[in-house]
Amino acid sequence: LPFLIEKHKVHGIIVAIGDNFVRGKVSNKIKNICPEIKFISAVHPKTAIAKNVEIGEGTVIVAGVVANSKAKIGKACIINTSASIGHDVTVENYASVGPGARIAGGCRIGEGTAVGIGSVVREKINIGAGTIIGASSTIIKDIKDRQVAYGSPAKIIRERKEGEPYLK
């Protein structure tokens, strides 16, 4: 891998895999094989990102996203079309926020968690690692690690196994 990177003058990479768990696993494997590789972030020019937002390496932020003051977006995350990240929100590594999702201020979205399209997360909510929030859900209370939850208000449907595919 290091030879190919130098040969092809690779300046940086993004791991473009939709499944959060797999994206994390592949990113970590690449970093172990080739520690000098640089993961770059891609932020669409048609976003509104506050100046003090932290964006981790390898993260993709697409058109229409709004990220407010003091938000922290981890490495290798996907923040999709027209999502809104409130002030003081933490989106941990390898998480994804679906198109049109709204996350209010002070929330924490756990590592590898997927917040589905059009979902709404009320202020100061903690969603655990490896959790899946179904489309158009309304989250009004904390959700633990590795859960599947959906509805309005969202209900816990079942537990997930680590690495279980969520796009079946």
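These questions and answers walk through a predicted model of one protein.

Visitor: How many helices and strands does the protein have?
Guide: Strands are counted as runs of at least two residues, helices as runs of at least four. By that count the protein has two helices and 19 strands.

Visitor: In E6, which residue is the bridge partner of Ile-55?
Guide: E3 and E6, residues 72–73, pair in the parallel sense. Two bridges hold that pairing. Within E6, the partner of Ile-55 is Ile-73.

Visitor: In E18, which residue is the bridge partner of Ile-133?
Guide: Strand E16 covers residues 132–133, and strand E18 covers residues 147–151. The two run parallel and are joined by two bridges. In E18, Ile-133 has as its bridge partner Ala-149.

Visitor: What radius of gyration does the protein have, against that of a compact globule?
Guide: The C-alpha trace spans about 55 × 35 × 20 Å along its principal axes. For 168 residues, a compact globule would have a radius of gyration near 15 Å. The protein agrees with that, at 16 Å.

Visitor: What share of the residues is buried?
Guide: Buried here means under 20% relative accessible area. Of the 168 residues in the protein, the buried share is 39%.

Visitor: What share of the contacts comes from residues 24 or more positions apart?
Guide: A contact needs heavy atoms within 4.5 Å. The count takes contacts with a separation of 6 or more. Among these, residues 24 or more positions apart account for 14%.

Visitor: How far apart do the centres of the positive and negative side chains lie?
Guide: Lys and Arg count as positive, Asp and Glu as negative. The protein has 24 positive and 14 negative side chains. The centres of the two sets lie apart by 4 Å.

Conventions. Residues numbered from 1 in each chain as written. Predicted model: local features only at pLDDT ≥ 70, side-chain atom pairs only at ≥ 80, totals over all residues. Heavy atoms only, no water. Pairing = 2+ DSSP bridges. Rg over C-alpha atoms; globule rule 2.2 N^0.38 Å. Buried < 20%, exposed > 50% of the residue type's maximum accessible area, 1.4 Å probe, protein only. Charge placed at Lys NZ, Arg CZ, Asp CG, Glu CD.
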